[in-house]
Amino acid sequence: MTTRQAFAQGRREFLIKSAAFTGALTIGFRLPGAAMAADGAAPEVTHWIVIQPDDTVIIRIARSELGQGTFTGLAQLVAEELECDWSKVRPEYADVNEHVRRNRIFKDMSTGGSRGIRDSQEYVRKAGAAAREMLVAAAAQQWGVAASECKVANSVITHPSGKRTTFGKVAAVASKLEVPADPKLKDPKDWKVIGTSPARFDIPDKTTGKQVYAADVRLPGLLHAAIVQCPVFGGKLKSYDESKVTGMRGVKRVVAGDDWVAVVADNWWRADRALKALPVQWDVGENANVSSESIKAFLRTGIDAEDVPVARKDGDVAGAFAGAAKVLEAEYYTPYLNHATMEPQTATALYREDRLDVWVGTQNGEASIAAASETAGIPLENVYVHKMHAGGGFGRRGPHQEYTKQAVKIAMALPGTPVRLQWSREEDMRQGRYRPVGIIKLRGALDTRGNWIAWHVRQADQSIIVTVRPAMIKDGVDPINTRCFADNPYAVPNFLNEYAMRNPHVPPGFWRAVAHTNNPLARECFIDELAVAAGKDPYQFRRPLLQGTKDLAVLDAVAKAANWDRPPAKGVHRGIAVVDSYGSFTASVVEIAMNGNAIDVQRVIVAIDCGYVCHRDAVIAQVEGGVVWGLSSAMYEEITIQDGRVVQSNFSDYPVLRLAETPPKIEAVLVPSGGFWGGVGEPPIGAVIPALCNAIHAATGKRVRSLPLRHHGFSYAT
């Protein structure tokens, strides 16, 4: 049984057959040098591709399916080069344990930064091309003809003599051949699968309720754990009184870590009830007095410092400002944001003396297996991470795997018993890894003709990578947090980007689109401020500064789609912005009407150039999702800190965009220029937020320089 087949089972069947499922995940992959899968039925042509005798093509996917369509898009890339029958393609997750055993054979298993296709497209296409050449060579070998005389299409290999065979019939022979090191890839003009929109593999089970998420895992003898963690980040567990819950119905154990305590019971509700009855004392440490206001004051020390690291410097900034006809200055602020996934953090672990199994919805199988191995002290080769589809990721389930570590720690206290740890919604809201706060101060200089001649940007914010990849910090500059400024495409002759890192105690994390959600607000709204000061149209103000860039092409495309050269309808106001990120180029126009302080978002247009389009409908869906994500964060989302801890606890006080507030028109304008592969999961978000705020200025004359918008008295019309 493959992973995919297990996923296709209904939930009820899954519960009944979970034991068989457990075993199935550990077989079906041949070790190096072996020609057949472990069950002997399906030859592994290459490590990415298994072909069954009935011509079914199983394509292994190393990235995680988070709703972005990875299972289908990556399979398209392989199938395109393989020349197989698409109707017989079945994707399944690449096995994390095999990845470790076979020297990272599936390369990058991390799903983040919109890298699913753009970073792996070449080697997965080569996997398909290599398998095609091996299958053709196997057929030619059997027929005693030259491989170059054979043709292949739709999983069928033919020879001019009339000989004909299928992939399934020659796969076993092909699997014994040497894998070509540099197979020839198809010319894009010959693509037949890439660029189309076949039905996505992940959608049917999600729409029928058959999809099994990490929270749905059930195993024989399974116990459930509820957890509470120190409410002040950096604090420790001081004491707890286990006697108060001993004997409560269903309660099995109380397990503690340095900064958390969990109750294990025969179902989660009883575990949570007991946890709430458990007296717990915390040593909250030195951060008990930290608040959102004190964090802002901390950031301001970076804005006001005399000397901070420089991320980029062009021209003579001081001289240009000294000779400017007009100078503008503004300051923008963006708050902490939570991922707020629909499925709270969940992991199930089964610990035995020499083996550890973990079921988890993860964006990074390697991070999960490393966290589990380190926690249990079991070699990586003996740890089996079973990747489940995640009920929302957005960066939360990537490098930070504390829930995986906790599940393993709890399971270690109950050897031989599977334990499912599920955070409550409140824990998920208050123990996140948050998009950092930031203050950005900008100054701009115009000459007498309204030309933009100088630009000074100083950022003060919290670094994420200093906690997970500190080697990326160079000369005090975080290269991720300075994106959008240090790499901006505008041809301003004199430019200075300074960066002041200020790290409060609140744990930061990669939130969908990361710095390309807050930096574009400051950049693109401030450019509108400059355009107004120069007496110029904001679209026309940008154009000469983007000449020769792909940013200009998408800006022109979105302006054309919005009929920008004509005034909007009476009562309609619009804003525009352009942002490139994650290898793609986007621009957005947002059209609104105002009903008092209620914003009626009538139409959002996003133009995107991602180079090549793999799955057209998936790209459009990502644009639509990015628009909703951006509008939600702009109006509502904010995590605040009081007494060192998160104030918000659930969707009641951390609202997100509702269906009734979703714009009636979201239009994706795809303008792929080819020649490169850009990401699409995050880029559509960047330009939407500033375009909305620029539209608000056009409608009200009010310049919004901090989010969320509800703090300025605005709401969305429904």
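This is a predicted model: local features need pLDDT of at least 70, side-chain atom pairs count only at pLDDT 80 or more; totals for chains, interfaces and linings use all residues.
How many residues lie between strand 19 and strand 20 in the hairpin that they form?

**View 1. The hairpin of strand 19 and strand 20.** Five residues separate the two strands of this hairpin. Within the turn, Gly450 adopts a positive phi of about 80 degrees. Strand 19 comprises residues 438-446, and strand 20 comprises residues 452-461. The two strands pair in the antiparallel sense, over nine bridges. Ile439 is placed opposite Ala460 of strand 20.

**View 2. Strand 20 beside strand 21.** Strand 21, formed by residues 494-501, pairs with strand 20 in the parallel sense. Eight bridges connect strand 20 with strand 21. Here Gln459 faces Tyr499, a residue of strand 21. Strand 20 itself is mostly covered, with ten of its ten residues buried.

**View 3. The packing of helix 19 against helix 21.** Helix 19 spans residues 616-635 and helix 21 spans residues 688-700. Their axes lie 9 Å apart and meet at an angle of about 55 degrees; helix 19 is therefore oblique to helix 21. The crossing of helix 19 past helix 21 is right-handed.

**View 4. Residues at the contact of helix 19 and helix 21.** Helix 19 contributes Val627, Gly630, Leu631, Ser633 and Ala634 to the contact. Helix 21 contributes Val688, Ile689 and Leu692. By class, six residues of this contact are nonpolar and two are polar, while none is charged.

Definitions and conventions
Residues are numbered from 1 along each chain as its sequence is written. Side-chain values use heavy atoms; hydrogens and water are left out. Axes are lines fitted to C-alpha atoms, for helices over the stretch in contact, and angles run from 0 to 180 degrees between N-to-C directions. Helices (H or I, at least four residues) and strands (E, at least two) are DSSP runs, numbered from the N terminus. Angles under 35 degrees count as roughly parallel, over 145 as roughly antiparallel, 65 to 115 as roughly perpendicular and the rest as oblique. A crossing is left-handed if the near helix is turned anticlockwise from the far one by less than a right angle, and right-handed if clockwise. Contact means heavy atoms within 4.5 Å. Ala, Val, Leu, Ile, Met, Phe, Trp, Tyr, Cys and Pro count as nonpolar, Asp, Glu, Lys and Arg as charged, and the others, Gly among them, as polar. Buried means under 20% relative accessible area, exposed over 50%, partly exposed in between (1.4 Å probe, protein chains only). Two strands pair if DSSP finds at least two bridges between them.
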